[in-house]
Amino acid sequence: MTTAPQTAGIETKPQRPEKEKNGRTVQGGATTVSGGSTGTAEPAATRGRTSIADVVVVKIAGMAAREIPGVYDMGGGLSRTIGAVRDRVPGGRPNVGRGVKVEVGERQTAIDLDLVVEYGVPIADLARDVRENVVDAVERISGLEVVEVNITVNDVHLPDDEDPERPAEARVE
C-alpha cells in the first residue's frame with residue numbers, strides 16, 4: 001500500500017489527471033488557489049500548492065446564508081422535500097449545501113443561492129444581508145474572490161404553514 005506524499009506536514013492526495021471544465025483546468029474537482037514553488041531554496045510558506053474543492057465553497061456559502069435571520073430554508077421544493085425525509089433518517093445529517101451552486105475558477109468564484117424566506121421579512125434587505133455574509137465568509141475562509149452572489153427566492157414561509165419538524169404553537173393558552 002502506498003501513501004500520499006507529505007508536504008510541509010500536510011498529507012496530500014494524489015491528484016487525478018487534469019481536465020477542462022468551462023474553459024479552465026481542474027484537477028479532481030479542486031481548483032488551485034495559490035500556485036507555490038518547489039525546492040528547498042524557497043521559503044517554507046510558499047512550497048507547494050493549495051487547492052480548494054468546489055464542495056468546500058458550497059458548504060461555506062450554505063452555512064453563511066443560513067446564519068441570516070429571515071432565511072427559513074434553502075433549495076427548491078423537491079430538494080427541500082427530499083432533504084426533510086433525509087433529515088429524519090436516524091444518523092442523517094442536514095445537507096448544508098442544499099440550494100447552493102458554485103462555479104469556482106483559479107482565483108474567483110460565483111455563487112447561486114435558492115432561498116425560502118420568512119413571511120414579513122423585506123426580501124431586498126434579506127438578500128443584501130445574505131450577500132454580505134456569504135461574500136465575507138467565502139473570501140475570509142477560502143481566499144477566493146467572490147465575483148457575484150445570485151439569489152433566487154423560491155418561496156415564502158407563512159406562519160400558518162405546517163412544518164412537521166417544528167412544533168406547532170398552541171392557538172389558545
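## The buried arginine R98

R98 sits in the loop that connects helix 2 (77–88) with strand 8. In this predicted model, R98 has a relative accessibility of 11% and is therefore classed as buried, the cut-off for that class being under 20%.

Two polar partners of the R98 side chain can be named. One is the side chain of D73, with which R98 forms a polar contact of 3.2 Å. The other is a backbone atom: the oxygen of M74 is 3.2 Å from a polar atom of the R98 side chain.

## Overall architecture

The protein chain contains three helices and ten strands. Read from the N terminus, the order of elements is β-β-β-β-β-β-α-β-α-β-β-α-β.

Of the 173 residues in the protein chain, 30% are buried. Among contacts with a separation of 6 or more, 61% are between residues 24 or more positions apart.

## Helix 3

Helix 3 covers residues 123–142, and its 20 residues should span 28 Å at 1.5 Å a residue; the end C-alpha atoms are 27 Å apart, in agreement with that expectation. Viewed down the axis of helix 3, the buried residues fall within an arc of 140°, and they therefore line one face of the helix.

The buried residues are L126, A127, V130, N133, V134, A137, V138 and S142. On the face turned away from this buried side, helix 3 carries the exposed residues A124, E132 and R140. Just after the helix, G143 adopts a positive phi of about 85°.

## The largest nonpolar core

The largest nonpolar core comprises 26 residues, and those touching the most other members are I111, L113, V130, V134 and V138. Two or more residues of this core come from each of helix 1 (54–66), strand 7 (71–74), strand 8 (100–104), strand 9 (108–118), helix 3 and strand 10 (145–157).

V138 links several parts of this description: V138 is among the buried residues of helix 3 and among the core residues that touch the most other members. Which residues does V138 contact, leaving aside its neighbours within four places in sequence? The partners are V57, I60, A61, T109, I111, G143, L144 and V146. One of these partners, I111, is also listed with V138 among the core residues that touch the most other members.

Terms used:
Residues numbered from 1 in each chain as written. Predicted model: local features only at pLDDT ≥ 70, side-chain atom pairs only at ≥ 80, totals over all residues. Heavy atoms only, no water. Helix = DSSP H or I, 4+ residues; strand = E, 2+ residues; numbered from the N terminus. Expected span 1.5 Å × (residues − 1). Buried < 20%, exposed > 50% of the residue type's maximum accessible area, 1.4 Å probe, protein only. Arc of directions from axis to C-beta. Core = buried A, V, L, I, M, F, W, Y, C linked by side-chain atoms within 4.5 Å. Contact = heavy atoms within 4.5 Å. Polar contact = N/O pair within 3.5 Å; in protein donor to acceptor, adjacent residues only side chain to side chain.
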